[in-house]
Amino acid sequence: SQDNLKGSYGTYRHEKQLNFNHWKCSYSTFEILRAHMGTHLEEKPYKCSECDYSSTKSGHLKTHMRIHSGEKPYKCNECDYSCTRVDVLNVHMRSHVGEKPYICNECDYSCTRTDVLNVHMRTHSGEKPYKCYECDYNCTKSSDLKRHMRIHSGEKPFKCEVCGYSCTTSGSLKLHMRKHSGEKPYKCSVCHHTNTRAWGLKVHMRIHTNEMPYKCNECDYSGTK
């Protein structure tokens, strides 16, 4: 407890430097030491009143509380992005300057964050740690598993405001909205054809290339789709 900690180390309060061979650490004040000792003793006296989060430092709790309050004091001066922590903002700024310090040693991939690189490395190792407990699906990212689980739960959180359509991913909703807006961003470089989907344009291009990948196994017929 805090009282026990104070009793054990209170005699060192006024010393300029504190050395503990067991933990191999040193601090100039008792207050800083007490906060540090919590990392060893698993003492987390600062508790969130909204959830079960707790921490060893009041500053960490203050940052955490922004999740509940919605406060995002760190703002990007290039776009409207804002966030709860300055280190997160620093990572975001790399998207504007093009800095990608984390580089894959297997291919030419690079990215702005170490955790993103760790996920990418699974494409080389074949590791798929996120497994579905309903079927044999597994994947490299927790977000992919979350999307997959909607197949089993039937959850369709993305809803069209124009009609009654709903779907499991934001990408599917974005694609659907093009039916209402008439947007066709994929344009043929040979003719005036436009399409709402990349694969739709790919199929169309076979008209120009004469590619017919789908072949009948009963006769010599082949087609573009």
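Predicted model: local features only at pLDDT ≥ 70, side-chain atom pairs only at ≥ 80, totals over all residues.
Colleague: Let's start with helix H5. How do you know that the span of H5 agrees with what its 12 residues should give?

Modeller: H5 covers residues 114-125, and at 1.5 Å a residue it should span 16 Å. Its end C-alpha atoms are 16 Å apart, so the two values agree.

Colleague: Which residues of H5 are buried, and what covers them?

Modeller: Leu-117, His-120 and Arg-122 are the buried ones. Their cover includes strand S7 (102-103), strand S8 (110-111) and strand S9 (130-131).

Colleague: Why is Arg-122 called buried?

Modeller: Buried means under 20% relative accessible area. Arg-122 has 16% relative accessibility, so it counts as buried.

Colleague: What makes the pairing of Arg-122 and Glu-127 a salt bridge?

Modeller: The cut-off is a side-chain nitrogen of Lys or Arg within 4 Å of a carboxyl oxygen of Asp or Glu. For Arg-122 and Glu-127 the N to O distance is 3.9 Å, so the pair meets that definition. Glu-127 itself is partly exposed, because its relative accessible area of 42% lies between 20% and 50%.

Colleague: And in helix H6, why are Asp-144 and Arg-147 said to be about one helical turn apart?

Modeller: They are 3 residues apart in H6 (residues 142-153), which means a separation of about one helical turn.

Colleague: What is the N to O distance between Glu-155 and Arg-150?

Modeller: Their side chains meet in a salt bridge at 4.0 Å. Arg-150 is buried, with a relative accessible area of 11%, whereas Glu-155 counts as partly exposed at 43%. The structure holds 9 salt bridges, by the way.

Colleague: Last one, helix H7. How do you know that its span fits?

Modeller: Its 12 residues, 170-181, should span 16 Å at 1.5 Å a residue, and the end C-alpha atoms are 16 Å apart, so the span agrees. Its buried residues are Leu-173, His-176 and Arg-178, and they pack against strand S11 (158-159), strand S12 (166-167) and strand S13 (186-187). Gly-182 follows H7, with a positive phi near 80°.

Notes
Residues numbered from 1 in each chain as written. Heavy atoms only, no water. Helix = DSSP H or I, 4+ residues; strand = E, 2+ residues; numbered from the N terminus. Expected span 1.5 Å × (residues − 1). Buried < 20%, exposed > 50% of the residue type's maximum accessible area, 1.4 Å probe, protein only. Contact = heavy atoms within 4.5 Å.
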